[in-house]
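Student: I have a two-chain model open and would like to talk it through with you. Could we go over it together?
Tutor: Gladly, let's have a look.

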Amino acid sequence: MDIAIIIFLFGGLFLGWSLGANDAANVFGTAVGTRMIRFKTAAIVCSIFIILGAIISGAGTTETLGKLGSINALPGAFAACVAAGLSVYVMTKFGLPVSTTQAIVGAIVGWNIYTGSPTNMKVLIIILGTWVLCPIIAGLIAMFFYTLTKKFIHSSKLHILRLDAYTRAALVLAGAFGAYSLGANNIANVMGVFVPISPFTDVNIMNIFTFSSKEQLFLLGGIAISVGVFTYSKRVMFTIGNDLLKMSPIAAFIVVVSHSIVLFLFASQGISNFLQSINLPPIPLVPVSSSQAVVGGVIGIGLLKGGKEVRWSIAGKICLGWFTLPVIAAFMSFIILFILQNIFNLTVNI
Amino acid sequence: MFGLKNTSLFGDTKKLEREIDEFVDILSEVGLVFKSIIPTYLNHSANGKFEEMVDRVKEMESKADKITKEVEHTLYEETLIPDARSDVLRLLEHLDEVIGMYQGNCYHFSIQKPDFPKEFHQDLIELTDIVVRCVEALCLTVRSFFRGIQSVRDNAHKVTFYEKESDIKFSALARKIFDSNLSLDKKMHLRYFVEKIDRICDQAEDIADEIQIYSIKRSV
C-alpha cells in the first residue's frame with residue numbers, strides 16, 4: 001500500500017482516536033467515575049463492542065453520509081477528517097458538548113462547496129432534523145425508563161447490596177450495548193468518507209465469508225476508536241463521573257440505555273426495514289451525537305425530578321453547536337482543501 | 001474476568017446482607033434484654049440473674065463489634081456500594097455506639113449500684129420501655145434504609161416521636177427525684193442514671209436523621 005494512502009487514512013484514524021477518547025466516557029463515564037466498574041473492564045468491553053457495532057451495523061449511517069457528498073479523492077477525505085477533528089478540538093476547548101458527527105457533516109459540505117459538487121439538501125435536512133430529535137428522544141426514553149426503574153426498585157424491596165450488584169451487571173450490559181451502538185452509529189464519521197475510495201480489496205476467507213473492503217475500513221476505524229478508549233478516555237471518564245454529570249449509578253444506567261437506544265435506532269437497518277414493511281416511515285440512518293444523547297437523557301431525568309437539577313445552559317450550548325460546529329468545520333475543510341490543492345499540489349476532487 | 005468476579009460478588013453480597021441483618025437483630029435484642037434488666041435490677045432479690053443478663057449484653061456487644069469489622073473489611077476489599085459505602089460504615093459505627101450505650105448503662109448499674117427508692121421504680125421502667133421502643137423504631141428505619149427506602153421517613157418519624165416521649169418522661173422523673181426528700185448527692189446520682197438512659201434516645205434520633213439524609217442520597 002502506498003505510504004501516501006496510509007498518511008491520508010491517518011486523518012480518519014485520528015478522528016477515530018478522538019471519538020474513542022471522548023465518547024467512550026458517555027457509555028462508561030459514570031460507571032467508572034463512581035468506581036462501580038473498573039476502567040480496565042470498561043475499556044475491554046467498550047473496545048470489543050465498538051468494533052463489533054462498526055463492522056456489523058455501520059453500513060447504514062455511512063451510506064447516508066455518502067449521499068450527502070461523495071468525496072472521491074483520498075486527499076479530500078483526509079482534509080475533511082482533519083477539518084472535523086480540528087473543529088471538534090476548538091469547540092471542546094470552549095466547553096461545548098459537540099460531536100464528530102456534526103463536524104464531519106460540516107466538513108463534507110465544505111468539500112462540496114470547494115469542489116463545486118452539489119449538496120443533497122434533502123439528506124442534509126434529514127440529518128439536521130435527527131440532531132434535534134436525538135437528545136429529545138433520548139430524554140423521553142430516559143423519562144420512561146426512570147419511571148419504570150423507580151417503580152421496580154420500590155416494589156422489589158431489594159437489599160441495597162443486591163441492588164448494587166445488579167446495578168454493576170446492568171452497567172456492564174448497558175455499556176456493551178452503548179458501545180455497540182456507538183460503533184454502529186459513529187463509524188461513519190470516522191471512516192465514512194473513505195468508503196468510496198477505499199484502498200482495500202475484498203478478502204475471501206476460506207470460501208466461508210467475504211471480508212469486504214468497507215468492513216476492513218470499519219475494523220481499522222474501530223481499532224482506532226479502541227486505541228482512543230485505552231489511551232485517553234480514563235481521565236474523561238473520571239471527569240464525567242465526578243464533575244459534570246453527578247448521577248447515581250442507577251440514573252447512569254438509565255442514561256446509558258437511553259443513549260444507546262437512540263444511537264441504535266438511527267443506525268439499525270433492520271428496524272428501519274421493519275417499519276417500512278408495516279407501512280410506517282423508515283428511520284433515517286444518520287450518525288447522531290453520542291454526547292448530546294447523553295445530555296438529553298440527563299435532562300429527561302432532571303425534568304422528572306422537578307427540573308431544578310437541569311442545567312439549561314448545557315441545552316443551550318447543544319443548540320448553539322448544531323449551527324456553529326458544522327459552519328466552522330465547513331470553513332476549515334475549505335481552507336485545508338485549498339492548502340492541499342494549491343500548496344501541496346494534491347488532487348482533492350477527481 | 002472484567003472485575004465482576006460474578007460468583008464471589010453475589011456470594012459476598014449475600015454474606016454481607018446476612019451480617020448486616022444480624023447486626024440489626026443484635027441491636028434489637030440488646031434492647032429487649034435491657035428492658036428486662038432494669039426491673040431485674042430494681043428487684044434486689046434477683047441480683048444473680050442481673051449479672052447474668054449484663055454478661056449477655058457484653059457478649060452481644062462483642063459480636064456486634066466483630067460484625068462491624070467484617071462488614072467494613074468486605075465493603076472495602078470488594079469495593080461494594082462505592083457511592084454509599086462510607087454512609088453504611090458510619091451508620092454501623094453509630095449503631096454500634098447505641099449497643100455500647102446499653103452496655104455502658106448495664107455496667108454502671110452493676111458497678112455503682114444506684115439505690116432507686118420504690119416510688120421511682122415504675123417511672124424508671126416506663127422510661128426504659130420508651131427508650132427500647134425508640135431503638136426498635138430505629139431498627140425498622142435501618143432495615144428500611146437497606147431494603148425499602150420509601151419507608152425510611154415513616155420509621156424515622158416514629159423514632160422522633162419516642163425521643164420526645166422519652167424527654168417528657170425524663171423531665172418528669174428528674175423533677176420527681178429533685179422534689180423528693182433524698183440528699184442532694186443521692187438525687188444527683190439517680191439523675192445521672194436517668195439521664196444516661198434517656199441519652200440512648202437522643203443518639204437514636206441523631207442516627208434516624210442521618211439515615212434520612214443517606215436515603216435522599218440513595219434515591220435513584
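Student: Which helix holds Asn189(A)?
Tutor: A word on the model before that. This is a predicted model, in which local features need pLDDT of at least 70 and side-chain atom pairs count only at pLDDT 80 or more, while totals for chains, interfaces and linings use all residues. Residues are numbered from 1 along each chain as its sequence is written, and chains are lettered from A and ligands numbered from 1 in the order in which they are written. Helices are DSSP runs of H or I with at least four residues, strands are runs of E with at least two, and both are numbered from the N terminus; on that basis, Asn189(A) sits in α7 (residues 160-191) of chain A.

Student: Is Asn189(A) buried or exposed?
Tutor: A residue is buried if 20 or more other C-beta atoms, placed from the backbone, lie within 10 Å of its own, exposed if 12 or fewer, and partly exposed in between. Asn189(A) has 31 C-beta neighbours inside 10 Å, so it counts as buried.

Student: Leaving aside neighbours within four places in sequence, which residues is Asn189(A) in contact with?
Tutor: Two residues are in contact if their C-beta atoms, placed from the backbone, lie within 7 Å. With neighbours within four places in sequence set aside, the partners of Asn189(A) are Leu15(A), Leu19(A), Thr100(A), Thr101(A), Ile104(A) and Pro287(A).

Student: On which residue is the kink in α12(A) centred?
Tutor: The bend at a residue is the angle between axes fitted to the seven residues ending there and the seven starting there. In α12(A) the kink is about 40°. The buried residues of this helix include Ile318(A), Leu325(A) and Gly321(A), and the kink is centred on Gly321(A).

Student: Which helices do the buried residues of α12(A) pack against?
Tutor: Those partners belong to chain A as well. They are α4 (74-93), α5 (100-115), α6 (121-156) and α11 (290-304).

Student: What is the phi of Asn345(A)?
Tutor: Most residues other than glycine have a negative phi. Asn345(A) lies in the segment after α12 of chain A and counts as exposed, because it has 8 C-beta neighbours inside 10 Å. Although not a glycine, Asn345(A) has a positive phi of about 60°.

Student: How many residues does α1(B) give to the side of chain B that touches chain A?
Tutor: Chain B has six helices and zero strands, and 19 of its residues are in contact with 27 residues of chain A. The elements giving two or more residues to that side of chain B are α1 (6-42) and α4 (118-147). The largest share comes from α1(B), with five residues.
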